[in-house]
Amino acid sequence: MILSRARFSRTLVTLLSLGSLGLGTLLGPKSALAITQDEVVTLTKLGIQADEIIKAIEKDKTVFNLTVTDILALKKASVDEKVLKFMLSTPNRFGKQPGGEQTGPGETTPTGPTEPVETEEQKKAREEQMRLEALKLLEERKKAEEAQRAAFAKGVLATGRALADQGKFVESIQAFQKFVEQGGFAPDSEEAYLAKFGIANALVKAGLYQAAAKELVEVVLAGPERPFFQTAFQQLRELRRKVNYSPPDLEEMTRFFVDNFSRGFQDEFNYVLGEFYFDYNNWSQALKYLDAVSPQAPDYARAQYLKGLVEIRNQLAKSAVQSFQKAIIATEENATDPEVKDLAFLALARIAYEVGDADAAIYYYRKVPKGTAKQATALYESAWVYFVKGDYSRALGTFQTLHSPYFKHQFYPELWILEATVYMNLCHFESAEEALAQYAKEVTPLGVPLKDFLLKTVRPEDYYDALVSTVSGKQSSGLPRELAAPVLGNVEFYNLYKTLKQIEHEQKIIASKGQALGGFGQEIATKLEALHKDRTRELGIKIQRILKETEGVLADYDQKKLEIEVDLGDLRIEEEAKKLEALNGDEETTTPPPTAESGGTVAIVGSDTWEWPFEGEYWKDEIGYHRSFIKDQCVREQN
C-alpha cells in the first residue's frame, strides 16, 4: 500500500502551510490518517524530522510487526535509525499483534543454543513426512533416469554419453559434435539441447569445470521441464564449490516453477539462489530464498549462517544470534557442515564482544574445537577479549599458546605489544622490556623490507609471483616469509587461489588432449588463458591490498612500542616515588613475590596447577587452557 494521491496531496499542502505544527497534529484523527509503514517512508522522503514521525506513531499507538525484509526495505528508504528502533519497540510499548515478538538491532543477550521441544505427535508427523519425501524423491529419480535413458536411447547420443562415463571426454565430445554437424539441427531443437548437455557432461567428468560452466548454465536455463535440468543444476552447483563462478545469468532461474519437484530439490534450488543473491549483496532476495530452505535440508545450517551474516550487516544483532544458533543446532541434528558450526560460534562470540558481554564471547570462542581450521582465530580473538576485560591471567596464558610452534604459520605482530602492556600494568617492568625487545627482534625488522617491496613492485602479476616465490622458500623477491601469513589466511585470497589452481589443472589437460578437438579445443584453451590472466591479476591486487594494510598495522604497533617505552619510564619513576613515600611514612611494605625464573610463570592447565619452568615448552592437548599466575607488583593506593 502507498499513500493515495488525495492523501499525499492533503499531507503535503498541510506541511507547506503549517510547517511549524507537530506531525501528530498534521496527520489528524487516528481513524482518518493512522500512520502506516509506507507513510513512514513517504514522510521520511518529505524531510520530516525523526522525532516528529515518532510522535505520530506514539500518538496513534501503531504496532509494527516488522519482518527482516521490512527492516531492510525501511533502511533502503533511508528511514532514520531512531525511527526504525522505535517502530521495532512498538509491540512491547503498545501490545503485541499476531506475528510474534520482533527483534531489533543491538538488542542481544547471547546465550547457548537451545534444543527445540518436540512432542510425540510432532515426532511421528515429522517421521511420516520424511518417509513420504523419501518415496517422492525415489520416484522423481526414477522418472528422471527414464527420461534421460529415453533421450539417449539410440545411436550417437548413447555412444557419446557412454564414452564420457568411461573418462574418454575427447571421443565423447567428438561424437556429440559429429551428431549436431551431420544432423543440421537448429540451436533451439531438442537434439541440440541433448548434444549440449552431452558435451557439458563430458567436460565435467573430465574435471574441466571452467570449460563446462557456460554449457551447463545454458542447459539449466533451458528450463525445469527439460530432461537434464536437475542433473545440470547439480553439476553447476558442484562447479561453484570448486571455482568462483556466479554469472548474472543465474538470476533467470527465479522465473522457474519448481514446486512440483521433491522437497529435497526445492531446498537445494532455494539455497543456491539465496547464496547467489548473497554474493551480489541483494539482501532482501537472499533472505527470501534462504528462508525457503526447510529445517530438515542438508543446506539448512549454511542457509541460516548466511541469513545471520545478512542480519549482522544490517545491524540486526538479535535476529542474527537466533540465526547462528539455528545453524549450530542444524549441524548437530542433520549431521552436516562442521565448518559452519565453527563459523557460527565465531560469529556469536563477535556479537557478544560487540555488545560488551565478554563472558559470553569467551564462552563461544571456547566452543570452537581443537584442531580445526578456526582454532587459531578463536584463540587469537579470545586473547584480545581477555586483555580488554583485564583478565591478565588468561590473557598471558593465551598469548603463550599463540607463541607456540602449533601456530607458527600465523602472524600476530601485536602479541609482544599486548604482553608488554600487561606486564607494565602489573609493574613487571623488566618483563615488559623483554617483551618489547622480542617485538624489536621479531617484528620491527619486517617493516623496512616490506616497504621496499611495496615500492619496487608495481604489476599485480608481480605480487602474485613474489608470493609464490616466498612461500616456496625463495628470497629473491625480498618479501619476508613471515608476511606471507596474513595473505594466506585471507578467505578471499584462498578462494581466488583455489580457482586459479583449477584453471591451471584444466590448462594441462587441454594442452595434452585438446588438439584432437580442433577449433573447440582451441576455444577452450583461449578461454582458460584469459581466465588465468584475469584471476592472476585479481590475486595480485588482493595481495597488494593485504600487504599495504599490514604495513599500516606494523607502523601503528611500532608507534605503540615507543609509547609503551615512554610510559614505562614514567611508571618506574612513579612507582619508586610511591615506595619512598610509604617508607617515609613508616608504613609496612611487603616485598612483591618474584616471578618464575627464566621468564616462566606458574600456570593452570584445566584444573591442575603446575609450574611452567621456562618459556617455549608446549603440550598440544593443553592448548587453550594456559593461565598465568603472575602477581601485581604495583603499589596501589588504599581506599
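Analyst: Axes are lines fitted to C-alpha atoms, for helices over the stretch in contact, and angles run from 0 to 180 degrees between N-to-C directions. Helices (H or I, at least four residues) and strands (E, at least two) are DSSP runs, numbered from the N terminus. This is a predicted model, in which local features need pLDDT of at least 70 and side-chain atom pairs count only at pLDDT 80 or more, while totals for chains, interfaces and linings use all residues. Residues are numbered from 1 along each chain as its sequence is written, and side-chain values use heavy atoms, with hydrogens and water left out.

User: At what angle do α15 and α16 pack, and how far apart are their axes?

Analyst: Helix α15 (residues 283–290) and helix α16 (residues 300–313) pack at an angle of about 150 degrees, and their axes are 10 Å apart. That makes α15 roughly antiparallel to α16, given that angles under 35 degrees count as roughly parallel, over 145 as roughly antiparallel, 65 to 115 as roughly perpendicular and the rest as oblique.

User: Which residues make the contact?

Analyst: W283, L287 and L290 of α15 and A303, L306, K307, V310 and R313 of α16 make it, where contact means heavy atoms within 4.5 Å. These residues divide into six nonpolar, no polar and two charged; Ala, Val, Leu, Ile, Met, Phe, Trp, Tyr, Cys and Pro count as nonpolar, Asp, Glu, Lys and Arg as charged, and the others, Gly among them, as polar.

User: And what about α13 against α14?

Analyst: Helix α13 (residues 229–242) packs with α14 at an angle of about 40 degrees, with the axes 12 Å apart, which makes α13 oblique to α14. On the α13 side the contact includes F229, F233 and R237, and on the α14 side the residues include F265, F269 and Y271. The residues of this contact divide into seven nonpolar, two polar and five charged.

User: Where does Q325 lie?

Analyst: Q325 lies in helix α17 (residues 317–333) and counts as buried at 12% relative accessibility. Its C-alpha atom is separated by 9.3 Å from that of G308, 17 residues apart along the chain.

User: How many residues of α21 are buried?

Analyst: Nine of the 11 residues of helix α21 (residues 392–402) are buried, so this helix is largely enclosed by the rest of the structure. Among them are S393, F399 and Q400.

User: Which stretches have pLDDT under 50?

Analyst: Residues 1–33 stay under 50, and the model has 37 contacts beyond four places in sequence for them, while over residues 111–115 the pLDDT is also below 50. pLDDT is the predictor's confidence in each residue, from 0 to 100, and where it is low, the predicted coordinates should not be read in detail. For the protein chain, the mean pLDDT is 80, and 80% of the residues reach 70 or more.

Methods:
Buried means under 20% relative accessible area, exposed over 50%, partly exposed in between (1.4 Å probe, protein chains only).
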